[in-house]
Amino acid sequence: MNERIRVVKIGGNVVDDPEALQAFVKDFSRLAGPKILVHGGGKEATRVSGALGIETTMIEGRRVTDRATLDVVTMVYAGLINKRIVSMLQAVGVDAIGLSGADGNVIKAVKRSSEPIDYGYVGDIDPMDVNDIFLSMMLKAGLVPVICAITHDGDGMLLNCNADTVASSVAVASSRIAPVDLIYCFEKPGVLSDPDDDTSIIGFIDHEAFESLKADGVVSKGMIPKISNALNAVDRGVSEVYIKSAANLLSAGGTLIAGC
């Protein structure tokens, strides 16, 4: 396959907004060529956890996943949200197929060490363990994989992974098939120097700028793993990575992430 692949990750704030999600789905359907969608859904998982009396704990933007939380995120990510998005894509003419990492053995992960922080049933992904042959088969068949953030360890254990990490790993693996662009879409127009000012877009971030932004507190919480994964992707062969608003998927703008 020589045609450029686009890997798009959609964040929880958009997933949780029916109007924003519907608009995104329509725009995503207009992207030409092979494409893969990776989605989060943390806010929905937090809501369901609360309804079930299960406490949510986050550390640096990452969810601590005990056994009860693993059951919730599997139901929400791989079930409710994944199938909702797939059905919406089918409605606009996109032949989508919903996947967890266990389906087709598409993403294997390793349970994260309990040191220095015990995140519970959380997985770390090596892009070499993403099944690019399976993804290539899906894309060549005209299917659009819609991948959630639930993976597996190959021994029967499901693992929760950060959706930004999943997107980065899928993009790196897909670069073994064809050139890849990775687009992180969320509710803001890009990485902002002032979170309350949507015009304060930081147009370009490399490793040096990232460290400086973290040290100054400009980048924090969930934006840290997002930018870290974006940098990792460009360092490992992804052509371009953008962080931008879901509403601007089809237009220019946002924050360009550059590697070494």
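Buried means under 20% relative accessible area, exposed over 50%, and partly exposed in between, with a 1.4 Å probe and protein chains only. This is a predicted model, in which local features need pLDDT of at least 70 and side-chain atom pairs count only at pLDDT 80 or more, while totals for chains, interfaces and linings use all residues. Residues are numbered from 1 along each chain as its sequence is written, and side-chain values use heavy atoms, with hydrogens and water left out.

**Helix α5**
- Helix α5 spans residues 132-140; helices (H or I, at least four residues) and strands (E, at least two) are DSSP runs numbered from the N terminus.
- Its buried residues are Asp-132, Phe-134, Leu-135, Ser-136, Met-138 and Leu-139.
- These pack against β1 (5-10), β2 (35-39), β5 (96-99), β8 (144-147) and α6 (163-174).
- After α5 comes Gly-142, with a positive phi near 85 degrees.

**Ser-174**
- Ser-174 belongs to helix α6 and is buried, at 0% relative accessible area.
- Not counting residues up to four places away in sequence, Ser-174 is in contact (heavy atoms within 4.5 Å) with Ile-5, Val-7, Ile-36, Leu-135 and Val-180.

**Nonpolar core**
- A nonpolar core is a set of buried Ala, Val, Leu, Ile, Met, Phe, Trp, Tyr and Cys residues joined through side-chain atoms within 4.5 Å.
- The largest one has 81 residues, and Phe-24 and Ile-227 touch the most other members.
- Helix α4 (residues 67-91) supplies the largest share of this core, 10 residues.

**Charges over rings**
- The criterion is NZ of Lys or CZ of Arg within 6 Å of the ring centre and within 35 degrees of the ring normal.
- Arg-112 lies over the face of Tyr-119, 4.8 Å from the ring centre.
- The charged end of Lys-226 sits over the ring of Phe-186, at 5.4 Å from its centre.
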